Amino acid sequence: MHELAVTQSILDIALRHATQASAKKITSINIVIGEFASIVDDSVQFYWDLLADDTIAKGAQLCFERIAGEMTCTNCQHAFHPKDIDFACPNCGSQFVQITKGDEFRVDSIDVE
Amino acid sequence: MTIRVPIVENILNANDHLAEQNRGRIDSAGVFSINIMASPGAGKTSLIEQTLPRLKDKLRVAVVDGDIATSIDADRAANAGAQAAIQVNTGGDCHLDAVMLRGALEQLDLTQFDLLIVENVGNLVCPASFKLGTHKSILIASIPEGDDKPYKYPGMYRGVDALVINKIDLLPYVPFKMDYFKHGVEVLNPGVLTFPLSAKTGEGMDAWVDWLIGQVKAM
């Protein structure tokens, strides 16, 4: 997995915006991650403690908002959470479905002092 | 006092930005470029090995090979006729990223080539997240991997521009429900261009090679 690179990116983004806001300390970072974005929260936290050590983000709390995956049937518009290994619509059985949620992978905001 | 600073920035923004720079560099040299991704053993290097002789005297090809260690793949590409073959060892990273490709591009005089083939690290998860700046992303699925892979690795199947289904010569010998596989693909990536082929027997290779040549000519 690539949590190290991801954690470094999160830190870079947070520090850049904190500097722009003339902040002295970053207290929390609010991250939005969809189910289809493959990231392990605990690993990000582990790398964070190492990478953020000498920065104003040291000790900041990482808050992960997880967005569940969602598929929507293009036939009956029913929205559902995909089962493990079957993408058919549970309502009408249609095979024509689209992914409508779960790709999120962003830093939404930071809390600073 | 605590203040909330709104950001809303994609976490891999920095990589995406570098990928755009790579694209600019590739575009300005008039080269068509592909990023080949697949699980280990799907036949990335074999496909490249079988593609290169078919492009001989038609296209000048550079290959960039990403791997955790060794130069085996770049050596195979060079032996198969690549005019340049550069090995990028990621030193443990599970994917190539835009920085690594930039380093490889710096070693190439791109104006001397028509086609740039980037072979990513064998992995069905991470490479999908890291744009490189190439024009098209190609996924190689192979029959022995099983027909459930689109369902298990949706991120990879969603993001690609073309799908090669390799090792079709093994269809009679392994359980692989093509309808089930194709349904998963269709949901994730409707209408994606598909090339069923066997790099071993050569079946289906012509359609793949003709497509590559057509893409280069359209540049």
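**Exercise 1.** Which residues does B:Val63 touch, not counting residues up to four places away in sequence?

*Solution.* Start with the ground rules. This is a predicted model, where local features need pLDDT of at least 70, side-chain atom pairs count only at pLDDT 80 or more, and totals for chains, interfaces and linings use all residues. Residues are numbered from 1 along each chain as its sequence is written, while chains are lettered from A and ligands numbered from 1 in the order in which they are written.

Next, contact: two C-beta atoms, placed from the backbone, within 7 Å. On that basis B:Val63 touches B:Ile48, B:Ala74, B:Ala77, B:Ala82, B:Ala85, B:Ile117 and B:Glu119.

**Exercise 2.** Find what chain A brings to its contact with chain B.

*Solution.* Count both sides: 26 residues of chain A are in contact with 28 of chain B. Then look at elements (DSSP runs numbered from the N terminus: helices, H or I, at least four residues; strands, E, at least two). Strand 6 of chain A supplies the largest share of the chain A side, eight residues.

Now the pairing (at least two DSSP bridges between two strands). Strand 6 of chain A runs antiparallel to strand 1 (residues 3–10) of chain B over six bridges. In strand 1 of chain B, B:Glu9 stands opposite A:Val107.

**Exercise 3.** Work out why B:Asp93 counts as partly exposed.

*Solution.* Buried takes 20 or more other C-beta atoms within 10 Å, exposed 12 or fewer, and partly exposed is in between, with C-beta atoms placed from the backbone. B:Asp93 has 19, so it's partly exposed. You'll find B:Asp93 in the loop between strand 4 (84–89) and helix 4 (98–105) of chain B.
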